[in-house]
Amino acid sequence: MTYIAKPRLHHPTLETNKVGYTRRDYEGKVSTLCAGCGHDSISAAIVQACWELDIEPHRVAKLSGIGCSSKTPDYFLGASHGFNTVHGRMPSVLTGANLANRELLYLGVSGDGDSASIGLGQFAHAMRRGVRMAYIVENNGVYGLTKGQFSATADSGSKSKKGVVNHDSPVDLVAMALQLGATYVARGFSGNKDQLVPLVKGAITHGGAAFIDVVSPCVAFNNHPGSTKSYDYIREHNEAVSRIDFISGRDEITVAYAPGEVVDVRQHDGTILRLRSLHSDYDPTDRYAAMAYMQHHQARGEIVTGLLYVDPLATDLHTALNTSDKPLNALGPDTLCPGAVALSKINAALR
């Protein structure tokens, strides 16, 4: 269960980083996700990235919304600050926390349902405002907590576990992040740790709005034949609330591939996920070229992974608002309430 913590005992030979922490110090509680879930691999990548960056856990604030993905912050950085918001509202809560205390490193974890449906507007405004954070979407294309319905990122023509074909056009969060002004945009695959860890490290240390879309296959709800109009479907639907499901444990899907290489990854249900790694000579500083490159390969049925775009001179919301270098939550009454004379000058300037 989620409340079960991992043992605190560490082997004395475990390697420590520059701030004296072992990798185990960045872990959280025991995961309750399905065995083989890609989300756990993303959690492991975040743990590895923070350990390699020599980040003190208490300097991190992790926020999430609702969904399988939004449960994962309980499974990493157990000694950091944490806040689980309502569905889709993580970006606005994170924005407020960031404005109040700019000294923390902000990590927003969300899902395709949490960010691309009810939270789409929240996602859009966080990107366009340049809130400094690492925004990670764990994208599996389904609502895993509610029996695998299509999410807004499900590709047109894809089939649900019941065999239903999705005819809606997908929301491409990577394309939106590029268009809305995010200054660090990447896509990864949960099964490729060698690529994902550096992407997470880059996002955490970036000076502006960083977004990573991580393709994270759901092992519980893959493609299965069926119809919503058939007797079989009706029987299945009527029994859904009372039937006990058993989800067998499965091995995690992992893959390694060279720059520029295209690989076909077979999923647990036999379907194929085609991934392309960026070429080594790819220029990630051209926003419009990144959009064209991604859409070109998307039309060929390929999911481009890697660092798609980065602005090395990125600024954030604090720069735009010209806030004080000292965190707002640390300002005293003398600074926040300068007196009637100062207030009169401010009012006069607004007339």
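Figure 1. Leu350 is exposed, with a relative accessible area of 70%. In this predicted model, Leu350 is found in the segment after α12, the helix of residues 340–349. Together with Leu343 and Ile346, Leu350 forms a nonpolar patch on the surface. The accessible area of Leu343, Ile346 and Leu350 together is about 330 Å².

**Figure 2. The salt-bridge network of Arg23, Arg24 and Glu27.** Salt bridges link Arg23, Arg24 and Glu27 in a network. Glu27 takes part in both of the contacts described here: with Arg23, the closest N and O atoms are 3.3 Å apart, and with Arg24 the N to O value is 3.0 Å. Arg24 counts as partly exposed at 27% relative accessibility, and Arg23 likewise counts as partly exposed, at 27%. Glu27 has a relative accessibility of 17% and therefore counts as buried, the cut-off for that class being under 20%. In the structure as a whole, the count comes to five salt bridges.

**Figure 3. The salt bridge between Arg187 and Asp213.** The side chains of Arg187 and Asp213 meet in a salt bridge, at 3.0 Å from N to O. Arg187 lies in strand β7 (residues 184–189) and Asp213 in strand β8 (residues 209–215), so the pair ties together parts that are 26 residues apart in sequence. Both partners are buried: Arg187 has a relative accessibility of 9%, and Asp213 has a relative accessible area of 2%. The strands that carry these two residues, β7 and β8, also pair with each other in the parallel sense, over six bridges.

**Figure 4. Strand β8 and its cover.** Seven of the seven residues of β8 are buried, so the strand is largely enclosed by the rest of the structure. Both faces of β8 are covered.

Figure 5. Strand β4 (residues 133–139) and β8 pair in the parallel sense over seven bridges. Within β8, Val215 stands opposite Asn139. The pairing of β8 with β7 is parallel too, and comprises six bridges. Here Ala210 in β8 is the bridge partner of Tyr184.

**Figure 6. The aromatic cluster of Phe123, Tyr135 and Phe211.** One aromatic cluster is formed by Phe123, Tyr135 and Phe211. The structure holds four aromatic pairs.

**Figure 7. Lys62 over the ring of Phe76.** Lys62 lies over the face of Phe76. The distance from Lys62 to the ring centre is 5.5 Å, and the cut-off for such a contact is within 6 Å of that centre.

Methods: Residues numbered from 1 in each chain as written. Predicted model: local features only at pLDDT ≥ 70, side-chain atom pairs only at ≥ 80, totals over all residues. Heavy atoms only, no water. Phe/Tyr/Trp six-rings, centres within 6.5 Å; stacked < 30°, edge-to-face > 60°. Lys NZ or Arg CZ within 6 Å of the ring centre and 35° of its normal. Patch = residues over 30% accessible without salt bridge, like charges linked within 9 Å, V, L, I, M, F, W, Y side chains within 5 Å. Areas by Shrake-Rupley, 256 points an atom, 1.4 Å probe, with all protein chains shown as cover. Salt bridge = Lys/Arg side-chain N within 4 Å of Asp/Glu carboxyl O. Helix = DSSP H or I, 4+ residues; strand = E, 2+ residues; numbered from the N terminus. Buried < 20%, exposed > 50% of the residue type's maximum accessible area, 1.4 Å probe, protein only. Pairing = 2+ DSSP bridges.
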